[in-house]
Amino acid sequence: MLLSPMLAGEGGTAGTVNYVSKTPRQQLGIDSLISYGSFAARRIGLGITGPLGKNLMGRLDASYSDGGGWVPRADQKLRAMASSLWWTPTSSLMFKAQGKY
């Protein structure tokens, strides 16, 4: 039923967001994104991952997007950064820390 979330108080009326971040890797790696689209939409992104120590891995991602609107003077600008650290002191124990901006 369409109105059941509002009547019964269950679920969300607008949807659900499942945020899944990229995981750090033990090998050094770099990935990038460059795109240009309709209405002068531009995106650029850069990510780097690798080992920071014997049992410590890290990842840092940054992105910027600009433009893309068909409404005059309504351009959108977005800057974002995400980072994560994985520490594995033993083979059966792992700690993960994440940050987003």
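Reader: Why is Asp 66 called buried?

Author: Asp 66 has a relative accessible area of 10%. Buried means under 20% relative accessible area, exposed over 50%, and partly exposed in between (1.4 Å probe, protein chains only); Asp 66 is therefore buried. The model is a predicted one, in which local features need pLDDT of at least 70 and side-chain atom pairs count only at pLDDT 80 or more, while totals for chains, interfaces and linings use all residues. Residues are numbered from 1 along each chain as its sequence is written, and side-chain values use heavy atoms, with hydrogens and water left out.

Reader: What makes Arg 42 and Asp 66 a salt bridge?

Author: A salt bridge is a side-chain nitrogen of Lys or Arg within 4 Å of a carboxyl oxygen of Asp or Glu. The closest N and O atoms of Arg 42 and Asp 66 are 2.6 Å apart, so the pair forms a salt bridge. Arg 42 lies in strand S2 (residues 42–51) and Asp 66 in strand S3, 24 residues apart. Strands (E, at least two residues) are DSSP runs, numbered from the N terminus.

Reader: Why is Arg 42 called partly exposed?

Author: Its relative accessible area is 38%, so Arg 42 counts as partly exposed.

Reader: Which residues form salt bridges with Arg 59?

Author: Among them are Asp 31, with closest N and O atoms 2.8 Å apart, and Asp 61, at 2.9 Å. Salt bridges that share partners join Lys 22, Asp 31, Arg 59 and Asp 61 into one network.

Reader: Is Arg 59 buried or exposed?

Author: At 7% relative accessibility, Arg 59 is buried, whereas Asp 31, at 29%, is partly exposed.

Definitions and conventions: Helices (H or I, at least four residues) and strands (E, at least two) are DSSP runs, numbered from the N terminus.
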